[in-house]
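Please look over the sequence and the model below before reading on. The report that follows takes up single residues and then the parts of the chain that they belong to.

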Amino acid sequence: AVRAGDTLYVSGCIALDPATRKLVDGGIAEQTRQVLENLKNIVEAGGSSLANVVKCTVLLTDMSTFSTVNSIYAEYFPENPPARMTYAVAGLPANALVEIDAIAI
């Protein structure tokens, strides 16, 4: 993450287990939860919180998984969710299924 003034820019997170640095087992639900946990940890380490995230970009390798990702995303951003753009992509690092970046204040 990079802080510029009062703004924290978090690069795209994939579903790497922090202990093993390997992609978590499972499908889109497990990966989405891990991505959001990683994002939460980075934002908090940068002195902010998920409540202060104002923008996210979500990259999916399969748009048919959007509803699953959206449901889990709503658990992490229950009130005043950040602005969000979602794109379908041909591939992600480590063959991940989802990647999310964020801007927090």
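Predicted model: local features only at pLDDT ≥ 70, side-chain atom pairs only at ≥ 80, totals over all residues.

Is arginine 21 buried or exposed? At 58% relative accessibility, arginine 21 counts as exposed, because the cut-off for that word is over 50%.

**Two residues with positive phi**

Arginine 21 sits in the loop between strand 2 and helix 1, and its phi is near 60°, a positive value in a residue other than glycine. Most residues other than glycine have a negative phi. Alanine 94 also has a positive phi, of about 60°, although it is not a glycine; alanine 94 is found in the loop between strand 4 and strand 5, and with a relative accessible area of 52% it is exposed.

**Accessibility of single residues**

The table sets out the relative accessible area of several residues, with the class that goes with each value.

| Residue | Relative accessible area | Class |
|---|---|---|
| Arginine 21 | 58% | exposed |
| Arginine 33 | 34% | partly exposed |
| Glutamine 34 | 18% | buried |
| Alanine 45 | 70% | exposed |
| Glutamate 75 | 47% | partly exposed |
| Alanine 94 | 52% | exposed |

Glutamine 34 lies in helix 1, and it counts as buried because its relative accessible area of 18% falls under 20%. If residues up to four places away in sequence are not counted, glutamine 34 touches Ala15, Leu16, Asp17, Pro18 and Val24. Alanine 45 is likewise placed in helix 1, but alanine 45 is exposed. Between alanine 45 and alanine 1 the distance from C-alpha to C-alpha is 9.2 Å, while the two are 44 residues apart in sequence.

Side chains of opposite charge can pair when their charged atoms come close. In this model the count comes to one salt bridge, which glutamate 75 forms with arginine 33, and the closest N and O atoms of the pair are 2.6 Å apart. The pair links distant parts of the chain, since glutamate 75 belongs to helix 2 (residues 66-76) and arginine 33 to helix 1 (residues 28-45), 42 residues apart. Glutamate 75 is partly exposed, and arginine 33 is partly exposed too.

**The buried side of helix 2**

Which residues of helix 2 are buried? They are Val69, Ile72, Tyr73 and Tyr76, and because they cover an arc of only 105° around the axis, they lie on the same side of helix 2. These buried residues pack against helix 1, strand 3 (53-60) and strand 4 (83-88).

**The largest nonpolar core**

In soluble globular proteins, nonpolar side chains tend to be buried together. The largest nonpolar core of this model has 24 residues, and those with the most contacts inside it are Leu36, Leu39, Val53, Phe77 and Ile100. Two or more residues are given to this core by each of strand 2 (7-13), helix 1, strand 3, helix 2 and strand 5 (98-104), and the largest share, five residues, comes from helix 1. Phenylalanine 77, one of the residues with the most contacts inside the core, is in contact with Leu36, Leu50, Val53, Cys56 and Pro82, when its neighbours within four places in sequence are left aside.

Notes: Residues numbered from 1 in each chain as written. Heavy atoms only, no water. Salt bridge = Lys/Arg side-chain N within 4 Å of Asp/Glu carboxyl O. Helix = DSSP H or I, 4+ residues; strand = E, 2+ residues; numbered from the N terminus. Buried < 20%, exposed > 50% of the residue type's maximum accessible area, 1.4 Å probe, protein only. Arc of directions from axis to C-beta. Contact = heavy atoms within 4.5 Å. Core = buried A, V, L, I, M, F, W, Y, C linked by side-chain atoms within 4.5 Å.
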